[in-house]
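Look at the sequence and the model below, and keep both in view while reading.

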Amino acid sequence: MAKILAFSGSARTDSYNQKLVKIAAFGAEQAGSQVTIISLSDFAMPIFNQDFETAEGIPEAARQFKQLLIEHDGFLIASPEYNSAFSPLLKNAIDWASRRAGDEPPLLAYRGKMAVIMAASPGALGGLRGLVFLRLLLSNIGVTVLPDQYAVAQAGQAFNADGGLLDESARSTVVNLGAVLAKTLIKLEQ
């Protein structure tokens, strides 16, 4: 069974992006994958600094996050857009998990993995500009990012009280994002 890790680049309480990634995770589960949903707020990591790494080593939270990435075949990632890029929280987590431990191969947590990306933002473009940079970063570290993506504009009015999307077409699209990743991973396992 394909294993997918689902997370957002937001630690905000009631995060639109955490809601969004949960909807995609539902689609991946319905398509036959095992999905683990996490919040980066549970993995407190200092800002990456090589001097800190040399003196203290990789922080325990970063090791735990990296191990989760290693254990999963694919990723569902949603990120808010901060000034036309993805969130610094997400970048920092990706950076820490890219660090080598011992004699392991470079970028062990990323090489050969697949991902689907999405965004939700209060703005008119829904975080679409940040996805360009996220796709580039993930591709550069060995993740195959599927072409399907989605951005939820006006996110403050897009979700209901239960965390679902009000627009049924948008909900269906996001559920399908998860299903597409799951089906692609399942095909590769055969």
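Ser-84 lies in the loop that joins strand 4 (81-82) to strand 5 (85-86). This is a predicted model, and in it Ser-84 has a positive phi of about 75 degrees, although the residue is not a glycine. Is Ser-84 buried, partly exposed or exposed? Its relative accessibility is 26%. Buried would require under 20% and exposed over 50%, so Ser-84 counts as partly exposed.

Leu-107 sits in the loop between helix 4 and strand 6. Its phi is also positive, near 55 degrees, and Leu-107 is likewise not a glycine. Its relative accessible area is 16%. Because the cut-off for buried is under 20%, Leu-107 is classed as buried.

How many of the 10 residues of helix 4 are buried? Seven are, and therefore the helix is largely enclosed by the rest of the structure. The buried residues are Leu-90, Asn-92, Ala-93, Ile-94, Asp-95, Trp-96 and Ala-97. Among the elements that cover them are strand 1, helix 2 (50-56), helix 3, strand 3, strand 5 and helix 5.

Helix 4 (88-97) also gives two or more residues to the largest nonpolar core, which has 33 residues in total. Within this core, the residues with the most contacts are Phe-7, Phe-65, Leu-69, Phe-75, Tyr-110, Leu-134 and Leu-138. Besides helix 4, the elements that supply two or more residues are strand 1 (3-8), helix 3 (60-71), strand 3 (74-78), strand 6 (114-120) and helix 5 (128-140).

Which residues does Leu-138 contact, if neighbours within four places in sequence are left aside? They are Ile-77, Ile-94, Ile-117, Val-143 and Val-145.

The last stop is helix 6 (residues 168-189), where Lys-187 is found. Lys-187 has a relative accessible area of 63%. Because exposed means over 50%, this residue is exposed. Lys-187 and Ala-2 are 185 residues apart in sequence, yet their C-alpha atoms are 9.5 Å apart in space.

Technical notes:
Residues are numbered from 1 along each chain as its sequence is written. This is a predicted model: local features need pLDDT of at least 70, side-chain atom pairs count only at pLDDT 80 or more; totals for chains, interfaces and linings use all residues. Side-chain values use heavy atoms; hydrogens and water are left out. A nonpolar core is a set of buried Ala, Val, Leu, Ile, Met, Phe, Trp, Tyr and Cys residues joined through side-chain atoms within 4.5 Å. Buried means under 20% relative accessible area, exposed over 50%, partly exposed in between (1.4 Å probe, protein chains only). Helices (H or I, at least four residues) and strands (E, at least two) are DSSP runs, numbered from the N terminus. Contact means heavy atoms within 4.5 Å.
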